[in-house]
Each structure stands twice: as C-alpha cells, then as structure tokens.
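Welcome! Let's take a friendly walk through a protein fold, one step at a time. Keep the picture in view while you read.

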Amino acid sequence: MRITVVRALPARQSVVELTLEPGTTAGEAVAASGLGVPDAPLGIAGRQVQPGRLLDEGDRVEVLRSLDEDPNDARRRRAKRRSR
C-alpha cells in the first residue's frame with residue numbers, strides 16, 4: 001500500500017512516498033521514512049493519532065511539531081501593532 005509521510009518545518013517541508021505492507025502502523029511508517037523525531041506527535045488528515053494506528057491505502061502521515069507561539073497571543077500582538 002502507498003503511504004506518504006510529511007514533516008513540515010518553518011522554512012521547508014520534507015515528503016517521503018513509501019510502499020508498505022498492509023497492517024503497517026503510523027509509527028512504523030514514520031520510522032521507515034527517516035523523518036521521525038522521538039516522541040513527536042503524529043497526525044492523519046489534520047487529526048492527531050497514536051503511533052499504533054493502522055494505516056489505510058493512501059494515508060498521509062504528518063509528523064507534527066509544537067507551535068512556536070500561542071496563536072491567540074500572536075493575533076493580539078499583530079492587532080496591537082496595527083492599531084498604533
């Protein structure tokens with residue numbers, strides 16, 4: 001089955017296309033891609049999943065990263081700058 005593993009960084013995105021056996025988990029796919037970060041959260045279709053989740057044909061596994069800043073705080077800061 002074909003799986004895509006992606007890892008997005010602020011300046012670039014890494015994408016690896018894999019052909020894996022049915023019954024492969026999200027964690028195994030990330031390990032096979034070489035894009036994994038220990039204990040990084042994983043997602044599929046924008047929703048966080050556990051590393052043990054079984055994959056389906058065509059799944060896109062996302063290696064998630066923490067936010068640099070709280071989105072609400074960033075929005076308030078931008079609004080304050082614009083109002084000056």
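## A parallel pair to start with

Strand S1, made of residues 2-8, pairs with strand S5, residues 60-63, in the parallel sense, and four bridges link the two. Keep in mind that this is a predicted model.

Thr4 has Arg60 as its bridge partner in S5, and Arg7 stands opposite Val63 in S5. As background, the strands of a sheet pair through backbone hydrogen bonds, and the pairing can be parallel or antiparallel.

## Two antiparallel neighbours

Now look at how S1 meets S2: these strands run antiparallel and are joined by seven bridges. Thr4 turns up again here, with Glu17 as its bridge partner in S2. How many residues lie between S1 and S2 in their hairpin? Four residues sit between the two strands.

S5 has an antiparallel neighbour too. Strand S3, residues 42-44, runs antiparallel to S5, with three bridges joining them.

## The whole sheet

Which order do the five strands take in the open sheet? The order is S2-S1-S5-S3-S4, and the pairing is mixed. Strand S2 (13-19) and strand S4 (47-49) stand at the edges; each has a single partner strand, so one side of each is left without a neighbour in the sheet.

The strands are also turned against one another: between neighbouring strands of this sheet, the angle is 30° on average, direction ignored.

## A glycine in the helix

Gly27 belongs to helix H1, which covers residues 26-33. Is Gly27 buried, exposed or partly exposed? Its relative accessibility is 24%, so Gly27 counts as partly exposed; buried would mean under 20%, and exposed over 50%.

What does Gly27 touch, not counting residues up to four places away in sequence? Its contacts are Leu42 and Pro51. Leu42 falls within the residues 42-44 of strand S3. Gly27 and Pro41 are 14 residues apart along the chain, and 9.7 Å separates their C-alpha atoms.

Terms used. Residues numbered from 1 in each chain as written. Predicted model: local features only at pLDDT ≥ 70, side-chain atom pairs only at ≥ 80, totals over all residues. Heavy atoms only, no water. Pairing = 2+ DSSP bridges. Axes fitted to C-alpha atoms, helices over the stretch in contact; angles between N-to-C directions. Buried < 20%, exposed > 50% of the residue type's maximum accessible area, 1.4 Å probe, protein only. Contact = heavy atoms within 4.5 Å.
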